[in-house]
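Let's take a walk through a protein together.

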Amino acid sequence: MHHEIQKMREISLVYLDRSGGLQKFVHDCKKYNDSKQSYAVYRFIISINPSDITELDAVLGNYILHNPIQAAQIFQSVCFIAIKTLSLIEQLQTEAQVSILLKPTHLPPLPSYVFSLSAFPFNYTSQRFYMSEGIATAMGIVTKYTQGARFLCTEETCPFSEGFSYIRVHLPGATESATVRNDFVCSLCSSPLQEDMKYRVLGDKQIVEMVDAKVLNALKGYSDDKSHFMIQTFTVFLRDELVNKMKIGNHYKIIGIPACVQNGLQATTCIEVNSVQLCKPNGPPFVGDNFKYLLSLTSSSCWKFTAILANIFASQVVPPGTCNTLKLTILLSLVQTCEKENANYLDLLIVTSDTLVIDRLLNYSLCLLPRGIRHPPSSDIFPSVSKDKHGTGSASIQACSAVLAKGGVCYIGDLSSYKKDKLELLQSVLESRMTTVFIPGKKYGEEADQQVTISVQTNFWSFVDVDSSSKKHIQKENFLIGQMDVSLIPPNLLDVFGLLIYNEFPSCQLSSPLVHHILKKAINPEAMLYKVSQQFRMQDFEEFILFARNLHVELTSEAENLIQGYYLASRRLRRDSLRGSTLSASALKILISLSKAHTKLSLRNKVLEEDALIAILLLESSLTLKHGKSALCIAPNPVFPFDLSDENSLQQRDSYLMQCHQQLLKFIAAYGPGIHINPNEE
């Protein structure tokens, strides 16, 4: 065995030399040596590529993967000899003072290296490397732990009453009491050992709760997946250089060593993390053939393709041709989702009299995204603080629906069901896309209070039941033409929602196709009622959305001039004596977001005037519901003024939209200060 250990030491030195690790090690030693300070423990991180080292020596590669703690001792011996031979650290005295942390760059892509709580039996005592991935659902604040400590024998005549013979270092899964306590005895004279406090080395520690990404499927409102599975959170420990490497709500792939931590009568499975890698979702590289064929058929128009998409979308929930404006805005909101900060968000607030149909439609749409979350009313929308469940007493920030929906959509249900304080918090988040969590220091054992700011990168969907809201308050009498009574919702909150959409569904006047659809689905939920449902399946739309939302689009100068002209003209026109302009400053962002979304939905890279026109008509319709009609005077349903039944109706819609374009140019010329756009003569 000694011969094998010696051979592995020689191989490890060769690997360090070839991989550049030796050069990095010498550089790290120089930092310690230059400080001229004596430490109990000198910590070094060595990056290991399992493929390279296994190719160099299979025995050592296998030893590192399956016995990492023992393998670290081999590198410890090599590094100690190197330090002494090359005189790299003058203060170092014993090999025990060298602490080595091995960090594998990756693990073999085999099932036996995947950490799974559902796998049975699982050997929690193996103390070897595993890889896992999941979403960070809770995050503790950074605290201190003992990285290493020096102990001395209390018997003055004992040789171990001085020097660095007794060094305790933290091992994966070890608690603080395992590293530092008062019942250690000298191996030479059996006298008690006492810690030399001035040599204690402290490090940073952070506890994070993670959960398998499959949990997102359980948090959606609708799914075709009939499989059953159990999901359980697991605890990971981030230490030293890995502290704050994770952000709450993000998806990560980790490599670490599992351990079973005892907390009273409770035993918790945790992972001591060695490396953290952010997982970024990749969309499909192409769209389905049916979408390509449809795009080629409608290539002569910038409006037909998206009109047909809206017409046939969600045919499993509502008949084709129903709720076209609402379905178009849902598609626009779906493609305008991403995990980038300062993204163009598109929030939807729907006013309806048939909440059941709307709820089904929104639930169905959530499942087209990896991060579509239906918020359960019993929990918080935004992050909250609770005590860490591992007995430390420190604060732990819990990710709620809005954070879990990062890069997707958070559907919060009926807006009128929330209390005033929740609505005010929602308004604040919609304005800033940030939320602040307050952590009182006294309550959680800290010296000072803390505030943690968390980015909220998601689109919000909600609805208001127009019938129930009218019963809860006295309706106004002085309405402007086209204006709706939405006084149940605070005006400031109404302004920060991207679009207000009215979907009229009087219960006594449900359309005949919708009634037939609901009855047939009630009898046979699995039935495909329309041919288009087979041609454009839910999976096809899912791939289409994931492809379209990853497109990078840019505004053309023509589209930018049209948007700017409309915005300035509307701000000048929509005014009252109390508030000044009723057009909020966020309206310009909404217009740009809508225009880019329509471009993505059209599978193009340049935002054209035609995209800007659809955006302007949708926003103007929303403003009309809030504040009444303006001089632009659009139709009640400007984007889909009539049913789309055949090619002629599509052509008729194109002609109508061209007339709207000319009308818009005249509106800008009349009311836009200093804006000169020359109408194209057809």
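We will look at a strand and its partners, then at aromatic rings.

This is a predicted model, in which local features need pLDDT of at least 70, side-chain atom pairs count only at pLDDT 80 or more, and totals for chains, interfaces and linings use all residues. Residues are numbered from 1 along each chain as its sequence is written, and side-chain values use heavy atoms, with hydrogens and water left out.

Start with strand 4, residues 143-153. Helices (H or I, at least four residues) and strands (E, at least two) are DSSP runs, numbered from the N terminus. Because 9 of its 11 residues are buried, strand 4 is largely enclosed by the rest of the structure. Here, buried means under 20% relative accessible area, exposed means over 50%, and partly exposed lies in between (1.4 Å probe, protein chains only).

Which strands pair with strand 4? Two strands pair if DSSP finds at least two bridges between them. Strand 7 (residues 201-211) runs antiparallel to strand 4 and is joined to it by 5 bridges; there, threonine 143 has lysine 205 as its bridge partner. Strand 5 (residues 166-169) also pairs with strand 4 in the antiparallel sense, over 4 bridges, with arginine 168 as the partner of alanine 149. Strand 6 (residues 193-195) is antiparallel to strand 4 too, over 3 bridges, and its leucine 193 stands opposite cysteine 153.

Now for the rings. Rings of Phe, Tyr and Trp (its six-membered ring) pair if their centres lie within 6.5 Å; planes under 30 degrees apart count as stacked, over 60 as edge-to-face and the rest as tilted. By this rule there are 20 aromatic pairs.

Finally, look for charges over rings, where NZ of Lys or CZ of Arg is within 6 Å of the ring centre and within 35 degrees of the ring normal. Arginine 150 lies over the face of tyrosine 199, 4.7 Å from the ring centre. Arginine 433 lies over the face of tyrosine 345, at 4.3 Å.
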